[in-house]
Amino acid sequence: PVNINEVRPGDLLFFATAGNGRVSHVGIVHDIGNDGEIKFIHASTSKGVIISSLSEKYWNKAYMRAQRIF
């Protein structure tokens, strides 16, 4: 596990998008802006592979945890 304030590119972000509190979506940290904005790459069912921001309301609400894979 990684604290959200310590994530870096390559870390995984886990989301509960189905409303049941279980992991249903995963993204990979792509970039962290100078202002701390976390951008991640993930596959969208409607748009394909895209880059989104964790500051977007939908993703911020669904965020569960971050993890680093060695």
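**Fold and strand pairing**

Modeller: Read along the sequence, the chain follows the pattern β-β-β-β-α-β, where helices (H or I, at least four residues) and strands (E, at least two) are DSSP runs numbered from the N terminus. The radius of gyration of the chain is 11 Å, close to the 11 Å that the globule rule gives for 70 residues, so the chain is as compact as a globular protein of that length; the radius is taken over C-alpha atoms, and the rule is 2.2 Å times the number of residues to the power 0.38.

Colleague: What should I know about where this comes from?
Modeller: This is a predicted model, in which local features need pLDDT of at least 70 and side-chain atom pairs count only at pLDDT 80 or more, while totals for chains, interfaces and linings use all residues. Residues are numbered from 1 along each chain as its sequence is written, and side-chain values use heavy atoms, with hydrogens and water left out.

Colleague: Which strands does E1 pair with?
Modeller: E1 (residues 12-15) pairs with E2 (residues 25-32) in the antiparallel sense over four bridges, and four bridges also join E1 to E5 (residues 63-67), again antiparallel. Two strands count as paired if DSSP finds at least two bridges between them.

Colleague: And which residue stands opposite Phe15 in E2?
Modeller: His25 stands opposite Phe15 there, whereas on the E5 side the bridge partner of Leu12 is Gln67.

Colleague: Are the E1 side chains buried or exposed?
Modeller: Leu12 and Phe14 point one way from E1 and Leu13 and Phe15 the other way, and all are buried. Buried means under 20% relative accessible area, exposed over 50%, and partly exposed in between, with a 1.4 Å probe and protein chains only. Of the 70 residues of the chain, 30% count as buried.

Colleague: OK, what about E3 and E4?
Modeller: E3 (residues 38-44) and E4 (residues 48-53) run antiparallel and are joined by six bridges, and they form a hairpin with three residues between them. Within that pairing, Ile50 in E4 is the bridge partner of His42.

Colleague: Changing topic, how many charged side chains are there?
Modeller: The chain has 8 positive and 6 negative side chains, and the centres of the two sets lie 10 Å apart. Lys and Arg count as positive and Asp and Glu as negative, with His and the chain ends not counted, and each charge is placed at NZ of Lys, CZ of Arg, CG of Asp or CD of Glu.
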